[in-house]
Amino acid sequence: MHGQGESQGQGGAEGRERARGHANGRAADADLAAAEGSGSADAAPADAGAFATEAFLARLAPDTPLRLAETATAGVGMLHALVAQLRPTSEEFRLAIDFLTEVGHYADARRQEWVLFADVIGVSSLIERLNHPRPEGATPNTLAGPFYRPDVPELPLGASISRDGRGEPLLVSGRVASLDGAPLAGARVEVWQANADGLYENQEPDRQPEYNLRGRFVADGEGRFHFATVRPKGYSLPADGPVGRLMAALGIGLERPAHIHFRVTSPGHETLTTHIFDGSDSAISRDAIFGVREGLVAEFRPAASERGRRRYTLDLNLVLCPQSSQRMKETGRR
Ligand SMILES: [Fe+2]
C-alpha cells in the first residue's frame, strides 16, 4: 500500500498512537455498553456512528502500519458517519452491496469498471491534482487514460500519425518550454488520440492499422515539434455496466469532448501528461472524467481545404515544471 514505508520510522509509532489516541476511552465505554446491552449507542442515535468508529479503532493492533491505520481511521469513520446520517434500510444496504459486487464482476483485464467508477465520480482527477500540482504558467497535468501505449515507434518531425488517412486533416505544431520560458531542445513528445469515429487503435485492432494515430517525436533545438494527423472525435465511456446505469439514474452523461493526449519528457523536468481539448466540442463543459482545465482548451482552426477536404491547424505551447529539489532527492533515492 502507498506510504507503508513510513510505518517503519519513528513517526509510525507516534502516528499510530494519534490514530488510536482519542478513541481508547470512549471505545471501551462503547464496547462495554454493547456487551451489557445498556445501549449507550442505542440511546443516543446521533452518536451511533462515533461509537461504532471508536469500537472499531480500539481493535487496531499496536503494530498496524501507520498509513493503514490512518486510512482505516478516516475511511471507516467516514463510512460510519455516512450510515448514521443516511440511515439506509436493509434493502438499500443490500442494493449497495449488489452494486459493488457487480462492479467487481465487470472488471477484467480489458475493462476496469472500478477505474471507470473512480473516474466518473471525480476521484481519479482529484488524486491526479493532489499528486501533481502545477504552478501558474505550467501546463496542467491530467490522467493518461486507458489507451496509452508506451511502445510506439519514433517518427521524424513533420510525419503523419494517421496510418489509414481517414478523417479531416489536422496539422499540429507546438513548442515545449520550461516554466521560465526557456525552450526545451530535444524534449520527447508522445501523442495519441481517437480517430474520426472516436475510437482508439487498440480498441479496434482489426479495423485500424497498428499505431494508428500514435507517434513519438523529438523536439528540435528550439523545443519545437510538428506533425500531421486527423481531427479527433469525442467519445462516450462505456455505459453498459453498473457504473453506466448508476450515472444514467443520476442523469450524468459519460461524454468526453474531443482531445489529443500528450506525454512530454525533458531531463530535469517533471513529466507532463496531459490532454489538449477541442474547445468547439459541445461536451467541453461536461467532460465525464473532469479532465478539462483552463489552459488545456484549444482552437482547432480551419485552414484552406485540401482536395475538397476541410483542414485544420492546432498550435500549442506545452510548459513543463523543473523538478523540485525535494523531488530530485526522492528520485535519487529510488
Ligand atoms: Fe482519450
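Colleague: What percentage of the 334 residues in the chain do buried residues make up?

Modeller: This is a predicted model, in which local features need pLDDT of at least 70 and side-chain atom pairs count only at pLDDT 80 or more, while totals for chains, interfaces and linings use all residues. Residues are numbered from 1 along each chain as its sequence is written. A residue is taken as buried if 20 or more other C-beta atoms, placed from the backbone, lie within 10 Å of its own, as exposed if 12 or fewer do, and as partly exposed in between. On that basis, the buried share of the 334 residues is 27%.

Colleague: How many helices and strands does the secondary structure of the chain come to?

Modeller: Helices (H or I, at least four residues) and strands (E, at least two) are DSSP runs, numbered from the N terminus. Counted in this way, the chain has 10 helices and 11 strands.

Colleague: Which residue in β7 does W192 stand opposite?

Modeller: Strand β2 covers residues 188-193 and strand β7 covers residues 259-265, and the two pair in the antiparallel sense over six bridges. The residue of β7 opposite W192 is H261.

Colleague: Are α4 and α5 roughly parallel or roughly antiparallel to each other?

Modeller: Helix α4 (residues 48-57) and helix α5 (residues 66-86) pack with their axes 8 Å apart and at an angle of about 155 degrees, where axes are lines fitted to C-alpha atoms, for helices over the stretch in contact, and angles run from 0 to 180 degrees between N-to-C directions. Angles under 35 degrees count as roughly parallel, over 145 as roughly antiparallel, 65 to 115 as roughly perpendicular and the rest as oblique. The two helices are therefore roughly antiparallel.

Colleague: Which residues does V76 touch, not counting residues up to four places away in sequence?

Modeller: V76 is found in helix α5 and, with 15 C-beta neighbours inside 10 Å, counts as partly exposed. V76 and F56 are 20 residues apart in sequence, yet their C-alpha atoms are 8.2 Å apart in space. With contact meaning C-beta atoms, placed from the backbone, within 7 Å, the residues that V76 touches are T53 and F56.

Colleague: How far apart are the end C-alpha atoms of helix α6?

Modeller: Helix α6 runs over residues 90-106, and the count of buried residues among its 17 residues is zero. The expected span of a helix is 1.5 Å times one less than its number of residues, so α6 should span 24 Å. The distance between its end C-alpha atoms agrees, at 24 Å.

Colleague: Which residues of α9 make the contact with α6?

Modeller: The axes of α6 and helix α9 (residues 242-250) come within 9 Å and cross at roughly 135 degrees, which makes α6 oblique to α9. On the α6 side the contact is made by F99, E102, V103 and Y106. On the α9 side it is made by P242, V243 and L246.

Colleague: Is R87 buried or exposed?

Modeller: R87 has its place in the loop between α5 and α6, and its phi is near 45 degrees, a positive value in a residue other than glycine. With 9 other C-beta atoms within 10 Å, R87 is exposed.

Key. Two strands pair if DSSP finds at least two bridges between them. Two residues are in contact if their C-beta atoms, placed from the backbone, lie within 7 Å.
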